[in-house]
Amino acid sequence: MSAPPSTTSDGGLSAAHGKPATIHDVAALSGVAASTVSRALSTPGRVNFRTRARIEAAAAQLKYIPNAQAKALSSGRTKAVAVLVADITNPFYFDIIRGTQLQLKAAGYTQLLVDTEESEEVEVNTIEQLMQTADGVILTASRLTDDALALAAAKMPLVTINRDIPGVPSVVLDTPTATNQALDHLISLGHSHIAYLGGPASSSSNIRRWEALSAAALERGVEVVRLGPFAPRTYSGAAAADALVHSGATAGIAFNDLIAIGMLQRLQARGVRVPEDISIVGCDDIFGADFCSPPLTTVTAPVEQAGRVAVTMLLSQIDPGLGTLPRHQTVLPTHLTIRGSTGPART
């Protein structure tokens, strides 16, 4: 049993030895069990009005501050949601993080941000740990297998962004459609030999874009070759640019803007003019894409909206009482933004 509370210099009570008051101090002063104090402070409706009033008065007198972990244990909620990103240095994730942060804050939740470093192992270990410390998880560009994702979704509330798996709620940016728009744009400029500079082999978005692009090229009767894979970072652009020049293609569609920007830098260093000699298209329309030389033609997506929608879908799983009907999938449209990095094919 804890020591009885002692009187402070201002006439109030505190725990013995000047330590912060505990739930046992409140229980001793109000003459009830600690479990009753926990119920009264976390779910007031389960405790008699007079008993609850006595407990609240004792807590106020002792200046008792409920422990967050104890509240989580009694309510089963931590009011925290984890957002996992593959690479926090990639500007693509900035708007997703902003969207999830604003939506979670509005709902009274705290955001836990984790960089999984493009690693499946880090992602798996993080999800296992979060099952004890978060109410749910939002995964962006997950590198997990379909089976691993389905298993994780069965264990805790979970929403993916840019990953479409049966039974796992997801928000999908329809970049394949805009990638096909990029193909039509290049064809209209006279390009018939085009290369796709692919991203990570484990990326679902990379696979979806290539499948859509190769099918569209077959329908339109033009040649599209796949080069790579390349890491989705600026430094990979040099190797991607060299591969593009070696392929003989007159235009390249890059997996993301970071690769495309690195390609622009490398082509300039080699004396290859963009778009006079080669046209370049990126994807994501990250901050700075319009500051390039030349400004980058790229696929534009409602990235911040994707973060907000993912939070709404997740909270409908965590708290069905919110009245929001759970959705299995939301598909957000994208479009091609044409700038100066694309032009007529060289003759």
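1. Which residues in α10 meet which residues in α11? On the α10 side they are G237, A238, A240, A241, D242, L244 and V245, and they meet I259, G262, M263, R266, L267 and R270 in α11, where contact means heavy atoms within 4.5 Å. Helices here are DSSP runs of H or I with at least four residues, and strands are runs of E with at least two, numbered from the N terminus.

2. Two remarks on the basis of this note: the model is predicted, with local features needing pLDDT of at least 70 and side-chain atom pairs counting only at pLDDT 80 or more, while totals for chains, interfaces and linings use all residues. Residues are numbered from 1 along each chain as its sequence is written, and side-chain values use heavy atoms, with hydrogens and water left out.

3. The axes of helix α10 (residues 237-247) and helix α11 (residues 257-270) come within 7 Å and cross at roughly 65 degrees; these axes are lines fitted to C-alpha atoms over the stretch in contact, with angles running from 0 to 180 degrees between N-to-C directions.

4. M263 touches L197, G237, A240, A241, L244, A254 and I280, when residues up to four places away in sequence are not counted. In the largest nonpolar core, which has 70 residues, M263 is one of the four that touch the most other members, along with V171, V224 and I280. Helix α12 (residues 303-318) gives the most to this core, with nine residues, and apart from it lies another core of 14 residues, including I127, M156, L158 and V168. A nonpolar core is a set of buried Ala, Val, Leu, Ile, Met, Phe, Trp, Tyr and Cys residues joined through side-chain atoms within 4.5 Å.

5. S204 lies in helix α9 (residues 204-220) and counts as buried because its relative accessibility is 16%, the cut-offs being under 20% relative accessible area for buried, over 50% for exposed and partly exposed in between (1.4 Å probe, protein chains only). Beyond residues up to four places away in sequence, S204 touches N162 and R163.

6. T145 sits in the loop between β5 (136-140) and α7 (146-155), and at 40% relative accessibility T145 counts as partly exposed. Leaving aside neighbours within four places in sequence, T145 is in contact with E120 and R163.
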